[in-house]
Amino acid sequence: MNMCRYFLCFAVFSFIGWAYESLYYTIQQKKWINSGFLNTCFCPIYGIGAMLDLMLLGWIENTYALFFAGMFITAVLEYFVSWLLETLFHQRWWDYTNWPLNIRGRVCLIGGMAFGVLTVLLIRFIAPFTFGLIDNLGVIPLQIVTVVIACIMLADTVMSAKSIDSSKLWYVDKQSEIFAGFLESSHSELVKRIKNSFRR
């Protein structure tokens, strides 16, 4: 139950990040841009960053402290993911080289400030609202939605990686194992609950 709850929050935050980034680049380039590593409407880096913010910074009450802590956490994550993707695929999905106060084009001050604001909005408003919506779902609908989204994200991850360079899929294989185990356990529990509901 908790696994499904947190996974759906991760998916929602990944979608919000995708919408934010795609809208930004669409306006900037004046044509539709489907931003991110994946082909579907998810940017996992935003989901990971949001969950890290909630786990590490959710206890901070002072808004200014939360803003600067959010800047730091997201900058570290963004730098690491940029380095990792470039190491694996020899490509960059974002580049701040021409932005002021950037570090090797991977992070910059303006981007950090934007993520600091997003961190405050996330913890104060977005996360409580999202958890409230998810908690209103029944157990079976929650598990069905979780399995469907997990399958979509897994398939998209594999296909996106293969379209870039099929020789560098060792990390996708590992990710596939994790998702497969998750789906198997969720599916078994889902089947049990459906069967029990018909017996009543």
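I began with threonine 130, which counts as buried because its relative accessibility is 6% (buried is under 20% relative accessible area, exposed over 50%, partly exposed in between, with a 1.4 Å probe and protein chains only). I noted that this is a predicted model, where local features need pLDDT of at least 70, side-chain atom pairs count only at pLDDT 80 or more, and totals for chains, interfaces and linings use all residues. Residues are numbered from 1 along each chain as its sequence is written, and side-chain values use heavy atoms, with hydrogens and water left out.

I placed threonine 130 in helix H4 (helices are DSSP runs of H or I with at least four residues, strands are runs of E with at least two, numbered from the N terminus). Leaving aside residues up to four places away in sequence, I found threonine 130 touching Cys9, Val12 and Phe13 (contact means heavy atoms within 4.5 Å).

Next I looked up the helix pair. H1 (residues 2–29) packs on H4 (residues 109–135) at about 135°, with axes 11 Å apart (axes are lines fitted to C-alpha atoms, for helices over the stretch in contact, and angles run from 0 to 180 degrees between N-to-C directions). I listed the contact residues, including Arg5, Tyr6 and Tyr20 of H1 and Leu118, Phe131 and Asp135 of H4.

Last, I checked confidence. The protein averages a pLDDT of 83, and 81% of the residues score at least 70 (pLDDT is the predictor's confidence in each residue, from 0 to 100). Helix H6 (residues 170–199) has the lowest confidence, a mean of 50, and strand E2 (residues 107–108) the highest, 96. Over residues 166–176 I saw pLDDT stay under 50.
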